[in-house]
Amino acid sequence: MNRREFLSVAAAAPAGLALAKDEPAMMPLVDCHQHLWDLTKIRLSWVKPDDPLNHSFTPTEYAEATKGLNVVKSVYMEVDVVEADLQKEADYVLGLIRSKSSPTVAAVLGGRPNKGDEFRKWVDQFKGSPHVKGLRQVVHTEHTPPGYSTTKEFIAGVRYLGEIGLSWDICQRPEDLPDAVKLVSECPGTRFILDHCGNAPILDARKLEQWKKDIAKVAGHKNVVGKVSGIIAQVKKGAWSADQLAPAINHTLEVFGPDRVMWAGDWPVCTLGAALKDWVAAAKEIVQGRPAEQQRKLFHDNAVRFYGL
């Protein structure tokens, strides 16, 4: 990124937001939460006809969104397809990775741990894969009530992932973080990633205080890493500042420590609140006072190490 490009990114940011002045503009980024979907190939379980995300988002659009950001690698994150399309999703993404036509080098695929032997058979195809790093199921929908991720069957499925070397991404309501604590404690041999700062309720100060206590309990388990992602989608587009995001990001960094936190884009879902370049700029501004080594760990090194990229 040359000086003109650097300044153009800063100028495009929301009021009160600017890129950190004392950091290298070309710091390499690993985006470990990249969504892609081609609606001619898979069906999403959550998209409604009038949803702003109700169209395809492919590597072409991602390349445009990341232009000038120095994203050197990305990790695909499952997109909550209808259950019947899980294999189609896996085939699409693994084909993309093998083509080496984009920065996508690894994947976290969708799965249903509560399916018992069916789940084990499903994930066995990825055992030893250099590309599949883990699995996830979004458990904050109307189909997944509180306690969904603490059933005997669900815990057994996630425990099995650890046995075959795969991780599990936790993505659920902030009020369900105690469920995450139980799941993590019951699966000490599985590596976990807590998505989206535990879905921190950044716009509700009262709920944020309880979230701080609960996410600290999750972080107390050393087999969990935190992911700084997702929260940008909560803000009002065009009317937000980095100050709204800072408490959640800083607390996540504090409770997990500099070696167990990874930044991620959550594109294109992030665009509900801001363009990806503005989310990057906000995150960099918030952490600019931290040592350069810690910043590089957050934006690059920890993801490379955790996922073996």
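Is Phe306 buried or exposed? I began with this residue in the predicted model. I find that Phe306 counts as buried, because its relative accessibility is 10% and the cut-off for burial is under 20%.

**Entry 1: around Phe306**

The ring centres of Phe306 and Tyr307 are 5.1 Å apart and their planes stand at 90 degrees, so I record the pair as edge-to-face; the class requires over 60 degrees. I then checked for a charge over the ring of Phe306 and found Arg191 over its face, at 4.1 Å from the ring centre. I noted a second case of this kind elsewhere: the charged end of Arg120 sits over the ring of Tyr160, 5.4 Å from the centre of that ring.

Trp37 and Phe57 both lie in the loop between β1 (29-34) and α2 (59-65), 20 residues apart, and the pair links distant parts of the chain. I find both Trp37 and Phe57 buried. I also traced a cluster in which ring pairs link Trp37, Trp46, Phe57, Tyr62 and Trp267.

**Entry 2: the sheet**

I followed the strand order and read an open sheet of eight strands, β1-β2-β3-β4-β5-β6-β7-β8, with parallel pairing. The edges are β1 and β8 (261-263); each has a single partner strand, so one side of each is left without a neighbour in the sheet. On average, neighbouring strands are turned by 25 degrees against each other, direction ignored.

Strands β2 (residues 71-77) and β3 (residues 104-110) run parallel and are joined by four bridges. Tyr76 has Ala107, in β3, as its bridge partner.

I then looked up helices on the sheet. Helix α11 (residues 292-307) packs on the sheet and touches β1, β2, β3, β4 (132-136), β5 (167-170), β6, β7 and β8; its direction makes about 115 degrees with that of β8. Helix α9 (residues 242-256) lies across β6 (192-194), β7 (224-228) and β8, and runs at about 160 degrees to β7.

**Entry 3: Thr66**

I located Thr66 in the loop between α2 and β2. Thr66 counts as buried because its relative accessibility is 11%. Not counting residues up to four places away in sequence, Thr66 touches Val71 and Leu276. The side chain of Thr66 reaches the backbone oxygen of Ala63 at 3.4 Å.

**Entry 4: Ile202**

Which residues is Ile202 in contact with, leaving aside its neighbours within four places in sequence? I listed Leu208, Ile231, Gln234, Val235, Gln244, Leu245 and Ala248. Ile202 itself is found in the loop between α7 (196-199) and α8 (205-219), and it is buried, with a relative accessible area of 12%. For Ala248, I noted a C-alpha separation of 6.7 Å from Ile202, the two being 46 residues apart along the chain.

Terms used
Residues numbered from 1 in each chain as written. Predicted model: local features only at pLDDT ≥ 70, side-chain atom pairs only at ≥ 80, totals over all residues. Heavy atoms only, no water. Helix = DSSP H or I, 4+ residues; strand = E, 2+ residues; numbered from the N terminus. Buried < 20%, exposed > 50% of the residue type's maximum accessible area, 1.4 Å probe, protein only. Phe/Tyr/Trp six-rings, centres within 6.5 Å; stacked < 30°, edge-to-face > 60°. Lys NZ or Arg CZ within 6 Å of the ring centre and 35° of its normal. Pairing = 2+ DSSP bridges. Axes fitted to C-alpha atoms, helices over the stretch in contact; angles between N-to-C directions. Contact = heavy atoms within 4.5 Å. Polar contact = N/O pair within 3.5 Å; in protein donor to acceptor, adjacent residues only side chain to side chain.
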